[in-house]
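User: I'd like a close look at a single part of this model, the lining of its pocket. Please link it to the rest of the fold in one connected account.

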Amino acid sequence: MPASHSDIDQSRLARFLGFRLTRAKVQVHRALMSRLSAQELSTTDFSALVLIDSNPGLYQRQLGLALEISPPNVVPIIDRLVQREVVVRLPSKDDRRMQELHLTDAGRALLKKAEAEVARFEQLLEDSLTATEQRYINSALKKLSAFEA
């Protein structure tokens, strides 16, 4: 019986592009999570803050659609950010049944720190690739993001 995952023959799995993409995603996600943990943020929290900052007045439903998260799963994310006092819900001027999402001053300060950390991380990722590899991976990711089976 193999002692660790490195002793396990994964060559059959490694032939599959989906497997290799998933492994790369897990590695990159783990490293990014480690960096965001200093601000007590998940990658989803970070993404939500960026989208709210870029789209003041965004509705929860719109945020869920943009992040591809179901409405029931968006609620705890926003609740957590509201509880941290980095996001506020304000009544919509257009539709009183809706609440707009806005960053607080503390939210903008948190996002600034987190974005700087993510930028440093992105630089490390880019530095691990040649310019040609960066062009190829960007092109491939664009194609794969639009892929529909």
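Analyst: By class, the lining of the largest pocket has 14 nonpolar, seven polar and three charged residues; here Ala, Val, Leu, Ile, Met, Phe, Trp, Tyr, Cys and Pro count as nonpolar, Asp, Glu, Lys and Arg as charged, and the others, Gly among them, as polar. This is a predicted model, in which local features need pLDDT of at least 70 and side-chain atom pairs count only at pLDDT 80 or more, while totals for chains, interfaces and linings use all residues. Residues are numbered from 1 along each chain as its sequence is written, and side-chain values use heavy atoms, with hydrogens and water left out.

The volume of the largest pocket is about 970 Å³. A pocket here is an open set of points on a 1 Å grid over the protein atoms alone, where a 1.4 Å probe fits, with protein on both sides within 12 Å along at least five of seven lines; lining residues have an atom within 4 Å of a point. Grid points are joined across faces, edges and corners, and the volume is the space filled by probe spheres set on the points. Among the 24 lining residues, K25, V28, E122, L125 and L141 are the closest to the centre of the pocket. Two or more lining residues come from each of α2, α3, α6 and α7 (131–145), and α7 gives the largest share, seven residues. Helices (H or I, at least four residues) and strands (E, at least two) are DSSP runs, numbered from the N terminus.

Not counting residues up to four places away in sequence, L36 touches L41, S42, T43, F46, A114 and V118 (contact means heavy atoms within 4.5 Å).

From the core we can move on to the sheet. Three strands form an open, antiparallel sheet in the order β1-β3-β2, with β1 (58–59) and β2 (87–91) as the edge strands, each pairing on one side only. Strands pair if DSSP finds at least two bridges between them: β1 and β3 have two, whereas β2 and β3 have five. L58 has L101 as its bridge partner in β3, and V87 has L103. Four of the five residues of β3 are buried.

L103 also leads back to α3, the helix in which D53 lies: setting aside neighbours within four places in sequence, D53 is in contact with L103, R108 and L111. D53 is partly exposed, because its relative accessible area is 36%.

Finally, the loop between α2 and α3 holds E40, whose phi is near 55°, a positive value in a residue other than glycine. E40 counts as exposed, because its relative accessibility is 62%.

Definitions and conventions: Buried < 20%, exposed > 50% of the residue type's maximum accessible area, 1.4 Å probe, protein only.
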